[in-house]
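Please open the model in your viewer and keep the selection tool at hand. The stops below say what to select next and what is found there.

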Amino acid sequence: MERLLTRDARPAPERGVWQGSRAAPRWLLGTLPGAWVALLFACLSFTPSLLPRTGAFQGFVSGVSAVIGYGLGVLGAWLWREFAHRPARTPRPRAWRFFFIAGGVALVAALLLGFHWQRHIRELMGMPHPGSAGYVFAPVIAAFVFFLLLTLGRGLRAVHRALDARLARHIGPRAARAMSVLAVVALTFLVASGLMKDGLLGMADRSLALRDLTTEEGVVPPSTALRSGGPGSQVEWESLGREGRNFVGRGPSVQQLTAFAGTEAKEPIRVYAGYASAQDAEGRAELAVRELERTGAFQRAHLLVVTTTGSGWVVPQAVEAFEYVTGGDSAIVATQYSHLWSWLSVLVDQKKARKEGRALFDAVYERWSKLPEGQRPKLLVFGESLGSYGGETAFSGERDLANRTDGALFVGPPNFNTLYREFTDQRDAGSPEVEPIYRQGRTVRFSRRPGEVIPPADAPWGPSRVLYLLHPSDPITWWSPSLMVKRPDWLREPRGPDVLGAMVWIPFVTFWQVTADLPLGLEVPSGYGHVYTGEHVDGWVALVQPQGWDDGKSARLRRLLEREP
C-alpha cells in the first residue's frame with residue numbers, strides 16, 4: 001500500500017509529465033519506484049511456468065503480479081527513505097517519460113517471449129496452440145486488473161490517513177501513525193478473511209452442497225446388494241452426494257470384466273458414506289465398516305481403502321483399473337468429507353482430509369486385523385491429490401505402511417504431505433526431487449511413468465509396496481509457500497521432461513506463478529499436470545502383481561479407460 005507507513009504527503013508535480021503545466025492525473029502516476037518494480041514483476045510474469053495459459057488468464061496473472069511488485073517497490077522506497085532520513089521527492093517529467101518508453105519496449109519484448117514459451121509448453125504436452133489473437137489482449141486485461149487492485153489499495157491508504165489525522169488530535173503523532181497502521185492492517189485482514197471464509201468459500205460450499213442434491217443423468221440406484229444405496233444398504237441413496245452416487249452407480253460390470261480378462265470375473269463391491277450419511281468422520285467410518293461387513297467385503301481377495309478428493313470424488317479410472325487388475329475380486333470403500341473443488345480443498349480443507357483419512361483406515365484396519373491371518377484380504381490404500389494427504393495421515397512412516405498394509409498408491413501428492421516430504425527430503429544422495437529414491441526403494445518408490453521401469457530397477461522391492469506417482473509439471477505437487485524465498489531442488493536440478501528448461505526460480509514471482517497454475521492442473525492431456533488417467537493401471541499392476549498379466553493387457557486397459565468420459 002502506497003505510502004501507508006508515512007504521513008508525508010507527496011507534493012504535486014510542478015510540471016506535467018508530457019508538456020508544460022498540463023499534469024497527468026495523480027492516480028495514474030503513482031510513485032516511480034513502485035511503477036518500476038510493478039513493470040519488472042509484470043514482465044517476469046510472462047516467464048514460463050508449469051502449465052500453458054490462455055491470453056486472458058495470462059493477463060490476470062500479469063495484473064496481480066504488477067500489483068505485488070508495486071507494493072514491494074513502494075515499501076522498499078519508504079524503508080530506504082526512513083533509514084536515510086530523506087523526504088520523498090517528486091520525480092522529474094523526463095524520468096516518467098523514460099519509464100513509459102522503456103516500459104513499453106519491455107512489455108512488448110515480454111509479450112513476444114511469453115507467446116514463444118507458451119507455444120513450446122503446449123508442444124511438450126501435445127496440445128494445439130490457440131493462436132496469437134487472444135494473447136494480444138493479455139496487456140489490456142493486466143492493466144485493468146492492476147488499476148482495479150491499485151485503486152483498492154489507495155482506498156485503504158485514504159482510510160489510514162483519515163484515522164491518523166483523527167488520532168493525532170488525542171495522542172502523539174508517532175503513536176497515531178502506529179495505531180492507524182495497525183487498525184488498517186487488522187481491518188483488512190478481518191475483511192479479507194471474512195470474505196474468503198464467509199463469502200467466497202461459504203458461497204462455494206453452499207453451491208456445491210446444493211450440487212450434492214443432484215444426480216448425473218444415467219446414474220440410478222444400484223440393483224445389487226453389493227453396493228451402498230442398493231437393496232439392504234444401511235446408507236440411504238440420497239445421503240451419498242453426487243460423487244458418491246456416481247461411484248456406486250457406475251463402474252465395470254461382471255460381463256465387461258470377464259470379457260477383458262478372458263476368465264470368469266466376480267462382481268466388485270463398492271461401499272461409500274456421503275457427507276450427509278453420518279454426523280462426523282468417525283460416524284461415516286463406522287457406517288462404512290458395517291457396509292463392508294454386510295456386503296461380504298472381508299471375504300474378497302483385495303480390499304481398497306480410498307480417501308476421496310475435494311467434494312467426495314473417487315477417481316473413476318483409478319478404481320476401475322483396480323477392479324480390472326483384480327478381476328473383480330475386490331471391495332472398495334470411501335467416504336466424503338467436503339463439498340469443495342479439489343484444488344481449493346488443497347488450500348483450505350487439509351484438516352478435514354487428515355481426520356477423514358485416519359478415521360476411515362483405522363476403522364477398517366481394526367475390523368480387518370481381527371480376522372484370522374490366512375483369511376484376510378490384501379489391504380491396500382489409495383489417495384489422489386488431497387486424498388493422498390488424508391491417506392498418509394493414518395501412518396507414522398515407512399515401516400508403519402509396510403506393517404499395516406499390503407500396498408499403497410498415492411497419486412499427485414501435495415507438497416505439504418507429511419510422509420511425502422519426509423521421503424523426498426531424506427532421499428538417497430544423487431536422486432532428483434522429481435523422481436527420488438528412498439532407502440534404495442525397499443518399500444517406497446516414486447515414478448513419473450509407472451509403465452516404464454520404476455527406479456531403482458536393480459534393487460529388490462518388498463512384498464508390501466508403496467508407490468507415488470507424480471508429474472514434473474504438476475503444480476499440486478510443487479506448490480509451497482517456501483517458493484517465495486527459497487529455490488526448490490526441482491528447479492535447481494535438471495528439469496523433468498515436461499517442464500521447460502527456461503523456467504527459473506524468481507523470488508515471490510515463482511510462488512505466484514505456481515499458485516496460478518493450480519486451477520489449470522486438470523486442463524492438460526493425460527500424463528501431464530494433475531491428470532494421471534491410464535497411469536493408475538501400471539501403478540496397480542506394480543503393487544498387486546496379478547498372475548498372468550503382461551504389457552499387452554496394461555496397454556489395452558489404458559486405452560479402454562482413456563476412452564471413458
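Select glutamine 545 to begin, in the loop between helix 19 (535-544) and helix 20 (551-563), where helices (H or I, at least four residues) and strands (E, at least two) are DSSP runs, numbered from the N terminus. Its phi is near 55 degrees, a positive value in a residue other than glycine. Most residues other than glycine have a negative phi, and most peptide bonds are trans. Glutamine 545 counts as partly exposed, at 44% relative accessibility; the cut-offs are under 20% relative accessible area for buried and over 50% for exposed, with partly exposed in between (1.4 Å probe, protein chains only).

This is a predicted model, in which local features need pLDDT of at least 70 and side-chain atom pairs count only at pLDDT 80 or more, while totals for chains, interfaces and linings use all residues. Residues are numbered from 1 along each chain as its sequence is written, and side-chain values use heavy atoms, with hydrogens and water left out.

Colour the chain by pLDDT, the predictor's confidence in each residue, from 0 to 100. The mean pLDDT of the protein chain is 86, and 85% of its residues reach 70 or more. Over residues 1-27, however, the pLDDT is below 50, although this stretch has 61 contacts in the model beyond near neighbours in sequence, a contact meaning heavy atoms within 4.5 Å. Where pLDDT is low, the predicted coordinates should not be read in detail.

Next, select arginine 439, which is found in the loop between helix 15 (418-425) and strand 6 (444-447). Arginine 439 has a positive phi of about 50 degrees although it is not a glycine, and it is partly exposed, with a relative accessible area of 40%.

An open sheet is formed by 7 strands in the order 1-3-2-4-5-7-6, with parallel pairing, where two strands pair if DSSP finds at least two bridges between them. Strand 1 (269-273) and strand 6 are the edge strands, each pairing on one side only. Inspect strand 2 (residues 302-307) beside strand 4 (residues 378-384): they run parallel and are joined by 6 bridges, and valine 306 has phenylalanine 382 in strand 4 as its bridge partner.

Then select helix 2 (residues 32-44) and helix 4 (residues 93-124), whose axes come within 10 Å and cross at roughly 10 degrees. The two helices are therefore roughly parallel to each other, the term for angles under 35 degrees. Among the residues making the contact are Trp36 and Leu39 of helix 2 and Phe98 and Phe99 of helix 4.

Finish at helix 18 (residues 509-517), which is mostly covered, with 9 of its 9 residues buried. Phe511, Trp512 and Asp517 are among these buried residues, and what covers them includes helix 2, helix 3 (55-84), helix 16 (475-478) and helix 17 (489-492).

Technical notes:
Axes are lines fitted to C-alpha atoms, for helices over the stretch in contact, and angles run from 0 to 180 degrees between N-to-C directions. Angles under 35 degrees count as roughly parallel, over 145 as roughly antiparallel, 65 to 115 as roughly perpendicular and the rest as oblique.
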